[in-house]
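Trainee: I would like to learn how to read a structure like this one. Please show it to me first.

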Amino acid sequence: MSDDRIFISTDEPPAESAALVDDFTPSLITQANHHLCPGCGEPIAIRAAVEAIEELELAERTIAVFGIGCYTAFAHNLDVEVVQALHGRAPSVATGVKRMLPEGFVMTIQGDGDMVNEGLQEVLHAAARGENITCLLLNNGVFGETGGQMTTTTTLGQRTKTSIEGRDPHQHGHPILLSDLAATMDGAAYVARCAVNNAGNVARTKRYITRAYESQMAGAGFSLVEILTMCPTGWFVDTLEGPDYLQDTLAPVHNIGELRTP
Amino acid sequence: MSDRALLEGSEAMARAAVAAGCRFFTGYPMTPFTELLEHMAALLPQVDGVCMNAESELEAVGMAWGAATTGHLAATGSTGQGLSLMQESLSEITNARLPLVVFNMARGQGDYFQATRGGGHGDYRHIVLAPMDVPEAVELTRLAFDLAGQWRTPVMVLGDYFLAHTYQAVSVPSIDGAAPKVPDWALNGSTGGSGAAKIISPLGSGTEGEEGFDLGAHFADCAAHIQALEAGVEPLVDVGFCDDAELVVAAYGSVGKFVRYACLQLRDSGHRVGYIRPITLWPFPSQAVQDAAAGSAKVAVYEQNMGQMIDDVRLATLGAVPVEFIGGPSWDHSGFGIGPDINVPDISERILEAMP
């Protein structure tokens, strides 16, 4: 870590309030305040997802199905129609919505605990079925909401509260690389993995999400965008170390790039 | 308009469901529920509806949940174990205030508690209707969709192997293909960007503000809704000969039809026996059971399980009369709950033994 980094003390309030340069809140977010931790990558991913809806003019036909995780807080902050699903079950709920509203734009927002642990069969069946929905996976490799336990996407050697000495393949098994798995499904039209740990990756995330949405609107079939997100709280690292930790820990295993295109 | 036909219970219920406006059905094959799924798969495409052979019961109930949010009448169903898998969602669907009809073709009568107690987590109940035969199942299927839409809540139709597989001559309303009206609360995406987009959530429809939304208020609303259901849904019951009965026999479902017949025969031979057959199992017809038992010396409960509905009978009679269990599990090698005890002479003997 270089010595010229700026550390902001949070032990006492700032001497003067920050200047508001402009309001950059996307129009489809009704309430920018949220309860997620400093350094969390999920709000960045949600922002990209919402901006892409706006730019493709899909707001008046969107139904977003939320899973259960930290990001669930945004279910009540968005100006698009929302269905709150159970942990793991969003792809089935989205299937029911899409089958009855084939002209609608239907997406899910789920974390790695939700989609890859609890709901692995749901997302894979939806992919195999070629269900014309878009699933977004916010993957930080831990259960963030419950405080940093191992998920099935946790990488080997990664320390969590339930793999204290690091994930050991002999004891904890190997990570599931969800997008790589989904990309093998013939019903999948578009599968890509990206991250939000630097500006370039954020731009790539927005690009991939846009392509996935376009794929659904073209009726191409199932689309999935996996977004690697920072969870410094669940990783037990300093807020500012989140992006580098993601690059060093998750990104070498969950490879970034487009895995399947129409 | 209605069609008179000799139909298997599963087909009659499927036709009644589509005639009642059901446009989405999904399930996972399991005896004795399977044929209902097959008939829905054949019928729904004829009215531009959707039937999905789900990959599991977890997915089935999830798909039905999603379809229900669009305001189209949706249904699913299963059998004991499959219903156990669905319970997590049924609890949440209740709190999300969504209409859904669930066809539970049970194996025997061991799932009364699962059906009536709200078999999932949390503090909830939903309506349960238990037909005794195919014509009554057709009527109650219509009622189930009406109640689900009216109260925005899951409604279970609790049948069994007999109901699903018996052929009876029955009048089923014609399927006219008219699209049911979609209610105002339903989602279709159109409120997006309006500043007040709709949300359908088991956690309520509040908006996240500085203080967060009021989850406590939502659960208070859910509790009030369950109380309103309990007070507002008319309890249905079939009662006979209870005015001068020394013994009142309580039973439900297709087994209740056998018990009713046994009671009719015993009456013919001069025994002062009455019967009561709850049709709504939740809300339970407690007042009707209390009234039926009022002049009697004893109530006997016949169920083909270890004694489940008897708890509700005891709560209804509040110790006013003794309540005796005369049923018991009845199984054959099939495991589908068609035991040797569904037998009028055997039931009559048990009733006579219980006579005060």
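Trainee: Which residue of chain B does Val83(A) stand opposite?

Mentor: Val83(A) stands opposite Ile200(B), in strand 9 of chain B. This is a predicted model, in which local features need pLDDT of at least 70, side-chain atom pairs count only at pLDDT 80 or more, and totals for chains, interfaces and linings use all residues. Residues are numbered from 1 along each chain as its sequence is written, and chains are lettered from A and ligands numbered from 1 in the order in which they are written.

Trainee: What counts as strand pairing, and in which sense do strand 2 of chain A and strand 9 of chain B pair?

Mentor: Strands (E, at least two residues) and helices (H or I, at least four) are DSSP runs, numbered from the N terminus. Two strands pair if DSSP finds at least two bridges between them. Here strand 2 of chain A and strand 9 (residues 199-200) of chain B are parallel, over 2 bridges.

Trainee: How many residues does each chain bring to the contact?

Mentor: Two residues are in contact if their C-beta atoms, placed from the backbone, lie within 7 Å. Chain A brings 36 residues and chain B 39. On the side of chain A that touches chain B, helix 2 of chain A gives the most, with 8 residues.

Trainee: Is Ala192(A) buried or exposed?

Mentor: A residue is buried if 20 or more other C-beta atoms lie within 10 Å of its own, exposed if 12 or fewer, and partly exposed in between. Ala192(A), in strand 7 (residues 188-195) of chain A, is buried because 24 other C-beta atoms lie within 10 Å. By contrast, helix 8 of chain B is hardly covered, with 0 buried residues among its 18.
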